Amino acid sequence: MMKSVKIVLVALVSVLMMSSTGKEGISFSNLTLKEAKVLSKKTGKLIFIDCYTDWCGPCKRMAATSFLDEAVGKVFNDKFINLKVEMEKNPIGVELAKRYRVRAYPTLLVIDSEGTLIKQVVGMQ
(Lines give C-alpha, C1' and ligand atoms only; values in the text may rest on other atoms or scores of the structure.)
Protein backbone atom coordinates (compact mmCIF):
# COMPACT_ATOMS: atom_id res chain seq x y z
CA MET A 1 0.00 0.00 0.00
CA MET A 2 2.77 2.44 0.94
CA LYS A 3 4.60 1.70 -2.30
CA SER A 4 1.55 2.48 -4.42
CA VAL A 5 0.99 5.75 -2.50
CA LYS A 6 4.60 6.74 -3.17
CA ILE A 7 4.26 5.88 -6.87
CA VAL A 8 1.09 7.95 -7.19
CA LEU A 9 2.65 10.93 -5.42
CA VAL A 10 5.80 10.69 -7.55
CA ALA A 11 3.56 10.71 -10.63
CA LEU A 12 1.81 13.83 -9.40
CA VAL A 13 5.06 15.59 -8.59
CA SER A 14 6.41 14.70 -12.04
CA VAL A 15 3.40 16.25 -13.70
CA LEU A 16 3.73 19.43 -11.63
CA MET A 17 6.46 20.62 -13.97
CA MET A 18 4.33 20.23 -17.08
CA SER A 19 1.40 22.30 -18.26
CA SER A 20 -1.86 20.50 -18.65
CA THR A 21 -3.92 20.59 -21.80
CA GLY A 22 -6.49 18.03 -20.64
CA LYS A 23 -9.90 19.22 -19.59
CA GLU A 24 -10.48 16.45 -17.09
CA GLY A 25 -8.40 16.08 -14.01
CA ILE A 26 -8.76 15.34 -10.35
CA SER A 27 -12.36 15.39 -9.25
CA PHE A 28 -12.45 16.99 -5.81
CA SER A 29 -15.40 15.95 -3.64
CA ASN A 30 -17.51 18.37 -1.63
CA LEU A 31 -17.50 16.00 1.32
CA THR A 32 -16.66 16.85 4.90
CA LEU A 33 -13.61 15.13 6.33
CA LYS A 34 -15.91 12.96 8.45
CA GLU A 35 -17.91 11.91 5.37
CA ALA A 36 -14.68 11.21 3.46
CA LYS A 37 -13.45 8.96 6.29
CA VAL A 38 -16.72 6.98 6.22
CA LEU A 39 -16.48 6.63 2.43
CA SER A 40 -12.81 5.66 2.73
CA LYS A 41 -13.66 2.89 5.15
CA LYS A 42 -16.45 1.67 2.87
CA THR A 43 -14.45 1.77 -0.40
CA GLY A 44 -10.94 1.04 0.87
CA LYS A 45 -9.64 4.17 -0.86
CA LEU A 46 -7.21 6.52 0.87
CA ILE A 47 -8.02 10.22 1.21
CA PHE A 48 -5.98 12.78 -0.73
CA ILE A 49 -6.17 16.34 0.62
CA ASP A 50 -4.91 19.40 -1.24
CA CYS A 51 -4.14 21.92 1.52
CA TYR A 52 -4.10 25.36 -0.10
CA THR A 53 -4.64 29.05 0.60
CA ASP A 54 -6.18 31.74 -1.59
CA TRP A 55 -2.95 33.76 -1.68
CA CYS A 56 -0.62 30.84 -2.57
CA GLY A 57 0.80 31.20 -6.10
CA PRO A 58 2.08 27.61 -6.39
CA CYS A 59 -1.32 26.37 -5.17
CA LYS A 60 -3.01 28.28 -8.00
CA ARG A 61 -0.54 26.92 -10.52
CA MET A 62 -1.16 23.32 -9.42
CA ALA A 63 -4.93 23.89 -9.62
CA ALA A 64 -4.54 25.25 -13.16
CA THR A 65 -2.09 22.61 -14.42
CA SER A 66 -1.39 19.39 -12.54
CA PHE A 67 -4.83 18.92 -11.06
CA LEU A 68 -6.40 19.36 -14.51
CA ASP A 69 -4.14 16.79 -16.16
CA GLU A 70 -6.20 13.89 -17.49
CA ALA A 71 -3.64 11.19 -16.58
CA VAL A 72 -3.25 12.54 -13.04
CA GLY A 73 -7.03 12.73 -12.71
CA LYS A 74 -7.47 9.14 -13.80
CA VAL A 75 -5.02 7.84 -11.19
CA PHE A 76 -6.26 10.03 -8.35
CA ASN A 77 -9.94 9.54 -9.12
CA ASP A 78 -9.46 5.77 -9.22
CA LYS A 79 -7.27 5.47 -6.11
CA PHE A 80 -8.35 8.27 -3.75
CA ILE A 81 -11.19 10.25 -2.30
CA ASN A 82 -10.02 13.74 -3.22
CA LEU A 83 -10.58 16.78 -1.01
CA LYS A 84 -9.50 20.39 -1.47
CA VAL A 85 -9.35 22.42 1.76
CA GLU A 86 -8.69 26.15 2.10
CA MET A 87 -6.50 26.17 5.20
CA GLU A 88 -7.00 29.64 6.64
CA LYS A 89 -10.67 30.50 6.12
CA ASN A 90 -12.14 27.04 6.56
CA PRO A 91 -12.37 25.88 10.21
CA ILE A 92 -11.56 22.34 9.08
CA GLY A 93 -8.42 23.71 7.43
CA VAL A 94 -7.26 25.25 10.68
CA GLU A 95 -7.89 21.92 12.44
CA LEU A 96 -6.03 19.98 9.72
CA ALA A 97 -3.09 22.39 9.90
CA LYS A 98 -2.72 21.72 13.61
CA ARG A 99 -3.22 17.97 13.42
CA TYR A 100 -0.83 17.34 10.52
CA ARG A 101 1.56 20.23 11.22
CA VAL A 102 0.92 21.99 7.93
CA ARG A 103 3.16 25.06 7.86
CA ALA A 104 3.69 25.75 4.15
CA TYR A 105 1.55 25.70 1.04
CA PRO A 106 0.77 23.80 -0.96
CA THR A 107 0.82 20.73 1.25
CA LEU A 108 -0.55 17.46 -0.07
CA LEU A 109 -1.75 14.89 2.46
CA VAL A 110 -2.70 11.25 2.13
CA ILE A 111 -4.58 9.83 5.10
CA ASP A 112 -6.50 6.65 5.80
CA SER A 113 -10.07 6.20 7.04
CA GLU A 114 -8.93 6.66 10.64
CA GLY A 115 -7.15 9.93 9.86
CA THR A 116 -3.68 8.42 10.15
CA LEU A 117 -1.15 10.29 8.03
CA ILE A 118 0.26 8.05 5.30
CA LYS A 119 2.21 10.63 3.30
CA GLN A 120 2.82 14.38 3.28
CA VAL A 121 4.39 16.36 0.43
CA VAL A 122 5.17 20.04 1.04
CA GLY A 123 5.50 22.64 -1.68
CA MET A 124 5.28 22.54 -5.42
CA GLN A 125 7.83 19.99 -6.53
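Q: Over the face of which ring does Lys84 lie, and at what distance from the ring centre?
A: A charge sits over a ring if NZ of Lys or CZ of Arg is within 6 Å of the ring centre and within 35 degrees of the ring normal. In this predicted model, where local features need pLDDT of at least 70, side-chain atom pairs count only at pLDDT 80 or more and totals for chains, interfaces and linings use all residues, Lys84 lies over the face of Tyr52, at 5.0 Å from the ring centre. The charged end of Lys84 also sits over the ring of Phe28, 4.9 Å from its centre. Residues are numbered from 1 along each chain as its sequence is written, and side-chain values use heavy atoms, with hydrogens and water left out.

Q: How many aromatic pairs does a search of the whole structure find?
A: Rings of Phe, Tyr and Trp (its six-membered ring) pair if their centres lie within 6.5 Å, and planes under 30 degrees apart count as stacked, over 60 as edge-to-face and the rest as tilted. The search finds seven such pairs. For Phe48 and Phe67 the centres are 6.3 Å apart and the planes at 80°, so this pair is edge-to-face.

Q: Are Phe48 and Phe67 buried or exposed?
A: Buried means under 20% relative accessible area, exposed over 50%, and partly exposed in between (1.4 Å probe, protein chains only). Both Phe48 and Phe67 are buried.

Q: What geometry does the pair of Trp55 and Tyr105 have?
A: Trp55 and Tyr105 are edge-to-face, at 6.1 Å centre to centre with 90° between the planes. Trp55 is exposed, with a relative accessible area of 56%, whereas Tyr105, at 18%, counts as buried.
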